[in-house]
Every structure is written in C-alpha cells, then in structure tokens.
Amino acid sequence: MPSPRVTVSTLAAMKGRGERIACLTCYDATFTRLLERAGVDVLLVGDSLGMVLQGQEATVSVTLDQMVYHCASVARRRERALLVGDMPFLSYATPERALATAGRLMQEGGVHMVKFEGGGALVDTVAALTAQGVPVCGHLGLLPQSVHKLGGYRFQGRDAVSARCIREDAAALQAAGAGLLILECVPAALAAEIAGQLKIPVIGIGAGAGCDGQVLVLHDMLGLNTGRPPSFSKDFLTGRTDGVAGALASYVREVKAGTFPGTAQTPA
Ligand code: KIV
C-alpha cells in the first residue's frame, strides 16, 4: 500500500509526536522521484534555483513564470511529499499580488503551500492567503531576497534586538495563520526556543538540531556546490558507494535520528 500523502496536518502531527521532518529543495522531475524514494517529507521548490540552476548571484531575478515551470516539473512526479513553492521577490508585496501569485503557483505549478520571506509586515498577507485556503510557510532569519538590503548573506539573531524581532515575527506569523516556518541562519538556541514555543513545525537551515525538521539546498548536500558551500551544510555523497540514492537516504536517516546537523554544522 502506498504511504499516505503528507499534508500540513501530517506535519503538525509529526511535530506532536516528536518525529523530525526531512525537507530538501527540489527543482525537477528526476530528482523528485529520487527524493520521494528516499522518504523526504517536504519538497521545496526554492528560488535558490536562481543560483544553483541559473548561475545567478542572488535569488532576486527569479520570476514567477520560472517558479511555475519548476513547481509543475516537480508536481508531475510528486507522490507522497508535501510540495512547497517559493513566492519570488516582490511577488507578494501586497496581499492582492500575493493572492495572484499563490493562484498561479497552486493552479499551474501544483504546489500545496506557498513560502515567502519576512515577518510582521506580512501578517495581513498571511491572513489574506489563509482566509482563501492557501497554506503558508513563513521564512525568517536570513532572508536571501533581501541580500542587497542586508549587504550579504549574514547570520541573523545574534544580538538581543534582532533575536527579539525574530521571536516576535515567528509568533505573529503563526497567529496570522502560517502552518510552517523556516528559520535560516539563526543561533541554535534561539531556533530551539522558537520551535519549543510555536505550535506549528519549525524547519531549520543553519539553525541547529533543535528544530522540528531540517532543510538543505539539494546541490549543497550532494557536494555539487562548486563555489563556497555553506558551513552548515554537509556533503552526503562524496565517498559513498551507493550513489545519489544512498546520499539522500542517509540525509533522511540523519535528520530523523537528530544526528544532522551535528556540532560541525551548527554555527555558534
Ligand atoms: O530558496 C530556497 O531554497 C530556500 C531554502 C534555502 C530554505 O528558501
């Protein structure tokens, strides 16, 4: 019997049971099948595709048409995992634009949930989407679409003011109806505290092992990043004899067991 499909309620139940959620980025049909076979729970069609597929320096240039194309490619091979799609830069600048963007990602791209970056200022947008039946994943901490404002890809939440801001934004997103939250590049203690306080699952990337699940960029965890792979990632492929399938299965096992990220991948 095929295992039941992962829904937003499945993820909430997993958090309730203390079962960790394994998430990876995915941008095409072939990898979708491999990730499904490895037992990945959430497939994220991230706008990181601008960097890993297109060779851009940032995610800012990724368009909605490009996101729809890649989401639809993944949706065609998706079997069990929940499919989450990123809203591109400025495509959710107002609740009205966000509704139109979510409509395309869900109807043409086949995603089950949309993700966008930012906190308190987006509370009305989260409420407008969830009121129309659109599941929302928040994204706090390092916000790659704001790289030009931040002046680089910098760790967030290290001082008391910015930590408080992330804490308050997380609570506000949950209160507005978000069903999932990604915390990127924040201190492990802060991420664990937020995961402990929120009812919704919190997925970390560069945020330590105390979250309810983990996500990595696929190309980073397969050792395909020929630039400077992030210090919080891990190459699961190099040195294996069982190839890509073995690397993906190993990632899922380590996330579920709580052994990834280890201390080597946990920034102070
Ligand atoms: O675009 C992306 O891949 C992401 C992950 C890094 C969380 O947002």
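Reader: What is the relative accessible area of Glu108, and how should I read such a value?

Author: Glu108 has a relative accessible area of 44%, which places this residue in the partly exposed class, where buried means under 20%, exposed over 50% and partly exposed in between, with a 1.4 Å probe and protein chains only. This is a predicted model, in which local features need pLDDT of at least 70 and side-chain atom pairs count only at pLDDT 80 or more, whereas totals for chains, interfaces and linings use all residues. Residues are numbered from 1 along each chain as its sequence is written, and side-chain values use heavy atoms, with hydrogens and water left out.

Reader: With which residue does Glu108 form a salt bridge?

Author: Side chains of opposite charge can pair when their charged atoms come close. A salt bridge is counted when a side-chain nitrogen of Lys or Arg lies within 4 Å of a carboxyl oxygen of Asp or Glu. The partner of Glu108 is Arg104, and their closest N and O atoms are 2.9 Å apart. Arg104 is also partly exposed, at 26% relative accessibility.

Reader: How many salt bridges does the structure hold, and which residues are linked in a network?

Author: The structure holds 12 salt bridges, and a network of them links Arg17, Glu19, Asp41, Arg80 and Lys256. Another salt bridge joins the side chains of Arg240 and Asp242, 2.7 Å from N to O; Arg240 is partly exposed at 29% relative accessibility, and Asp242 is partly exposed at 43%.

Reader: Which residues are around the ligand?

Author: A residue is listed if one of its heavy atoms lies within 4 Å of the molecule. The residues around the ligand are Thr25, Leu44, Gly46, Asp47, Ser48, Asp86, Lys115, His139, Ile205 and Val217.

Reader: How far are oxygen atoms of the ligand from N or O atoms in the side chains of Asp47, Ser48 and Asp86?

Author: An N or O atom in the side chain of Ser48 is 2.5 Å from a ligand oxygen, while the corresponding distance is 3.1 Å for Asp47 and 3.1 Å for Asp86. Taken alone, the ligand exposes 260 Å², of which the protein buries 95%, with areas from the Shrake-Rupley method and a 1.4 Å probe.

How values were computed. A polar contact is a pair of N or O atoms within 3.5 Å; within protein, one must be able to donate a hydrogen and the other to accept it, and residues adjacent in sequence count only if both atoms are side-chain atoms.
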